[in-house]
Amino acid sequence: MDYAHAEKILSVSDLVIKFNLRGRVLTAIRGISMDIYKGESLAIVGESGSGKSVFTKSFMGLLDSNGWIDNGSIMYGGVDLAKYTTEKQWLRVRGREIAMVFQDPMTSLNPLKTIGRQIQETVELHQGLRGGAAREKTHEILRDVGIAEPERRAKQYPHEFSGGMRQRVVIAIAVACSPRILICDEPTTALDVTIQAQILQLLRNLQSKYGLTVVYITHDLGVVANVADRIAVMYAGDIVETGLCEEVFYNAQHPYTWALLASLPQLGVRGEELNSIAGTPPSLFADIKGDAFAPRNPRALKIDYLLRPPFFEVSPTHRART
Amino acid sequence: MSEPREKLLEVKNLRVEFGRGRKRFVAVDDVNFDIYKGETFGLVGESGSGKTTIGRAIIRINETSGGEVLFEGKKINGKISRELDREVIRNIQMIFQDPMASLNERAKVEYIISEGLYNLKNYGSEAERRDIVARALLDVGLLPEFASRFPHEFSGGQRQRIGIARALVMRPKLIIADEPISALDVSIRAQVLNLLSRLRREYGLTYLFIAHDLSIMHFITDRLAVIHKGRIVELAETEKLFAHPLHPYTRALLSAIPMPDPVAERRKKLLVYDPSCHHYETDPPRWTEVEPGHFVLANAEEEERYRTEIADAAPEVM
């Protein structure tokens with residue numbers, strides 16, 4: 001991925017997303033600005049509650065009904081998606097321009113319809129094909145995602161497929177409409193290691209075949225090391241570090257990134273304790289002053305508690321809030 | 001370890017079937033392994049491989065269809081006396097995978113942890129019971145006042161600790177941990193793994209650790225068995241298994257472990273296991289010890305190949 005000549009495909013500016021939970025307001029995204037480049041593999045890393053899913057769902061109008069974009073913009077193709085209010089507007093983007101692959105293939109497929117029908121639906125809707133042509137396209141897509149005997153398999157139901165194959169089908173549906181950006185939310189967490197490796201390889205192949213820009217949302221740093229060109233680390237609704245894959249893994253700057261890398265069992269020494277991060281993430285109901293990670297950072301400075309650290313540029317491609 | 005060690009658990013020719021007649025499914029077949037007192041024994045395999053079934057068969061949740069499970073030399077599978085059954089409950093406890101599903105949502109933490117004590121009347125007075133619960137919570141890094149709360153008030157990592165406390169109050173000798181950390185966030189995993197380590201040292205526990213994540217296994221287990229479609233294909237000391245895997249399935253599994261190291265990951269070659277690489281029609285496989293402590297499922301031809309590989313890999317003795 002050549003970042004020197006990369007073109008921006010999506011630009012987020014000062015994004016703030018809030019949710020209303022039984023009268024209390026929770027700020028899930030606390031002012032994020034970042035760009036996504038055409039053709040890249042970006043990994044957004046963070047734990048539950050960091051906001052990584054909410055962040056990407058906002059690109060597709062998939063926020064729950066009790067959530068809203070409070071501030072900021074999401075520029076895509078010259079249009080500010082953050083200003084979209086109707087389903088009609090989102091239908092032009094969702095699936096067609098930006099598609100999503102979810103974590104659990106069992107719940108994202110309709111158990112009552114055949115696999116063929118589900119893929120064909122998308123093909124008909126987004127590509128305007130009908131009947132025989134649509135079926136042909138469906139079989140081609142199934143072959144693309146590595147499912148042998150597509151004609152026979154298309155007539156089967158989700159429960160007749162294994163977990164890994166179902167995930168391939170979900171990817172097939174997402175790719176069927178030739179989106180420009182594919183967001184994969186924990187695409188391999190529910191799968192075994194060997195299947196995981198195959199699915200990641202599939203995604204890489206599809207990416208180069210269709211010229212996709214892929215955003216991986218995950219907490220698995222092994223997956224990230226495998227697929228990412230660039231990494232954005234999220235903590236408590238904010239991005240704390242972004243950089244090229246090697247930069248973040250080998251030269252992490254933010255204490256949270258250090259802590260995350262240091263706590264991995266793969267890197268642990270047997271017989272010794274793993275480095276774990278003490279404490280828990282802050283409540284997003286309250287206004288967070290300063291660096292959200294400061295309370296858990298043994299090296300925090302007094303000022304970290306007062307002011308949110310600005311981005312410090314380590315290299316043209318690597319920056320961290322520290 | 002070279003001193004003679006005490007066997008806590010022995011599993012011999014274990015077979016577990018589900019269903020009857022036409023619908024009969026053999027989940028576990030001809031499984032053999034021993035667990036020594038004080039060690040952390042790992043059982044690794046993919047979904048559907050039968051590893052959870054083995055754990056559940058040992059603790060008597062699933063019925064065995066063949067073979068024996070011996071605990072401290074006594075047979076504990078099949079029909080056993082009530083007394084022995086209670087002993088099993090007291091001595092073998094389980095930690096489950098999903099902290100969101102394994103706690104009774106309608107019971108207070110106090111009750112959840114005490115349930116085993118109530119059932120076995122393992123305590124003297126009420127005050128003693130409350131004390132046991134408080135100490136169990138402290139042991140797992142939670143506060144005693146949490147006893148009056150309900151599960152939904154806790155995070156995944158905390159719930160898992162409650163599950164561990166529940167297992168601990170029974171003062172078991174063997175804890176079967178079935179994927180205890182896969183449902184937890186990365187940084188919480190480290191905390192729980194450290195906790196399990198500490199408890200092992202403090203209470204002289206023995207663990208059977210069941211998981212599909214090999215990288216975790218490398219870190220915490222002393223010996224490791226690899227299971228594939230209901231049969232154990234390889235068993236050895238963890239370091240040895242990682243350094244010199246013999247069975248093609250073990251090799252495929254090891255090659256697929258995601259490493260949080262971009263350079264290593266890009267260079268990685270993924271091996272795929274193809275069962276047809278074995279020719280078992282004329283020469284069926286046996287469970288063989290190819291070098292001390294290292295067992296493989298192999299037929300005569302494969303056994304010879306493995307022994308040669310080991311001999312070639314061994315350093316020259318000066």
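For what follows, a helix is a DSSP run of H or I covering at least four residues, numbered from the N terminus. Keep in mind that this is a predicted model.

**Exercise 1. Check the length of helix 6 of chain B against its residue count, and find what comes after this helix.**

Step 1: Helix 6 of chain B covers residues 186–203, which is 18 residues.
Step 2: The expected span is 1.5 Å times one less than the number of residues, so this helix should span 26 Å.
Step 3: The end C-alpha atoms are 26 Å apart, so the two values agree.

**Exercise 2. Work out which residues of helix 6 of chain B are buried, and what covers them.**

Step 1: Go along the helix and pick out the buried positions, among them B:Val186, B:Ile188, B:Val192, B:Leu195 and B:Leu196.
Step 2: Now look at the cover. Helix 5 (156–168) and helix 7 (214–220) of chain B are part of it, and so is helix 11 (255–262) of chain A.

**Exercise 3. Describe how helix 3 and helix 4 of chain B pack.**

Step 1: Two packed helices are described by the angle and the distance between their axes.
Step 2: Here the axes of helix 3 (residues 109–120) and helix 4 (residues 126–139) come within 10 Å and cross at roughly 115 degrees.
Step 3: The crossing is right-handed.
Step 4: For the contact itself, B:Glu110, B:Ile113, B:Ser114 and B:Leu117 from helix 3 meet B:Arg129, B:Ile132, B:Val133 and B:Ala136 from helix 4. Sorted by class, that gives five nonpolar, one polar and two charged residues.

**Exercise 4. Decide whether B:Leu137 is buried or exposed, and list its contacts.**

Step 1: B:Leu137 sits in helix 4 of chain B.
Step 2: A residue needs 20 or more C-beta neighbours within 10 Å to be buried; B:Leu137 has 23, so it counts as buried.
Step 3: Leaving out residues up to four places away in sequence, B:Leu137 touches B:Leu142, B:Leu143, B:Pro144, B:Phe146, B:Ala147 and B:Ala165.

**Exercise 5. Characterise the side of chain A that touches chain B.**

Step 1: Start with the totals: 31 residues of chain A are in contact with 25 of chain B.
Step 2: Helices 8, 9, 10 and 11 of chain A each give two or more residues to this side, and helix 9 gives the most, with five.
Step 3: By class, the chain A side has 15 nonpolar, 10 polar and six charged residues.

Key. Residues numbered from 1 in each chain as written. Chains lettered and ligands numbered in written order. Predicted model: local features only at pLDDT ≥ 70, side-chain atom pairs only at ≥ 80, totals over all residues. Axes fitted to C-alpha atoms, helices over the stretch in contact; angles between N-to-C directions. Left-handed = near helix turned anticlockwise from the far one by under 90°. Contact = placed C-beta atoms within 7 Å. Nonpolar A, V, L, I, M, F, W, Y, C, P; charged D, E, K, R; others polar. Buried ≥ 20, exposed ≤ 12 C-beta atoms within 10 Å, placed from the backbone.
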